[in-house]
Amino acid sequence: MSDINTIQDEIIDEFEGFDDWMDRYAVIIDMGNALPALDEQYKTPDNIIEGCQSRVWLQADYSDGKMRFRADSDAIIVKGIISMLVRVLGDHTPDEVLAAELYFIDRIGLHEHLSPTRSNGLLAMIKKIHAYALAFKAQAQPTSN
C-alpha cells in the first residue's frame, strides 16, 4: 500500500505534459472509465452525495482498520474526479484520511478549472469521505464502561 502523498504525486505525474485542459479532461474521463462499475444495490439514497449537481454514489466499507470505497456518477468528469479521491484515500485508516492534505487537486489545476457547481460537488465528496472516516473511527474506538 502506498501512502496518500505518494498516490497524489503519481496522479500529478500523470497530468505532467498536458498543458491543454481538453487533454487533462480526457485523462480525468479515462480515470473515471477505469473505475469499476458500482453494483446497483449500492446506488441508494444513503450513498448519494448531497451537494453535487450530478448524481454521485459513494459506498464505504471498513475492515482490517482500513477504509475501502466504491463509487460511480452519471457524469463522466465527476466520475473521474471521484475516482481520483477513491484512489488517493481508499485503503487507508480513518486517521490517515482525516489528516490528509489533498494537494493534488490544486497541483493538477483542477480546482481552478471546475465550475462553481462542480467545485461545490468536489467539496461535498470530500466531506462525505471525511464523514465516513469519522464514523468508522468512532466505531473502532473501544467503549468504556
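In this predicted model, the lining of the largest pocket comprises seven nonpolar, two polar and three charged residues. The volume of this pocket is about 210 Å³. Its lining is formed by Met31, Ala34, Leu35, Met67, Arg68, Phe69, Ser83, Met84, Val86, Arg87, Gly90 and Asp91. At least two lining residues are supplied by each of three elements, namely helix 2 (21-34), strand 2 (66-73) and helix 3 (76-89). Helix 3 accounts for the largest share of the lining, with four residues.

Helix 3 also packs against helix 1, at an angle of about 145° and with the two axes 8 Å apart. On the side of helix 1, the contact involves Ile4, Ile7, Gln8, Glu10, Ile11, Glu14 and Phe15, which meet Met84, Arg87, Val88 and Leu89 of helix 3. By class, seven residues of this contact are nonpolar, one is polar and three are charged. Met84 and Arg87, which take part in the contact with helix 1, are also among the residues that line the largest pocket.

A further contact joins helix 1 (residues 4-15) to helix 2, the axes of which come within 10 Å and cross at roughly 130°. The two helices are therefore oblique to each other. Here Ile11, Glu14 and Phe15 of helix 1 meet Arg24, Val27, Ile28 and Met31 of helix 2. The contact of helix 1 with helix 2 contains five nonpolar and two charged residues, and no polar residue.

A pair of aromatic rings is described by the distance of the centres and the angle of the planes. With centres required to lie within 6.5 Å, the count comes to three aromatic pairs. In one of them, the ring centres of tryptophan 21 and tyrosine 25 are 5.0 Å apart and the planes lie at 65°, so the pair is edge-to-face. Tryptophan 21 and tyrosine 25 are separated by about one helical turn, because they stand four residues apart in helix 2.

Terms used. Residues are numbered from 1 along each chain as its sequence is written. This is a predicted model: local features need pLDDT of at least 70, side-chain atom pairs count only at pLDDT 80 or more; totals for chains, interfaces and linings use all residues. Side-chain values use heavy atoms; hydrogens and water are left out. On a 1 Å grid over the protein atoms alone, a cavity is a set of points where a 1.4 Å probe fits but cannot get out, and a pocket is an open set with protein on both sides within 12 Å along at least five of seven lines; lining residues have an atom within 4 Å of a point. Grid points are joined across faces, edges and corners, and a volume is the space filled by probe spheres set on the points. Ala, Val, Leu, Ile, Met, Phe, Trp, Tyr, Cys and Pro count as nonpolar, Asp, Glu, Lys and Arg as charged, and the others, Gly among them, as polar. Axes are lines fitted to C-alpha atoms, for helices over the stretch in contact, and angles run from 0 to 180 degrees between N-to-C directions. Angles under 35 degrees count as roughly parallel, over 145 as roughly antiparallel, 65 to 115 as roughly perpendicular and the rest as oblique. Contact means heavy atoms within 4.5 Å. Rings of Phe, Tyr and Trp (its six-membered ring) pair if their centres lie within 6.5 Å; planes under 30 degrees apart count as stacked, over 60 as edge-to-face and the rest as tilted.
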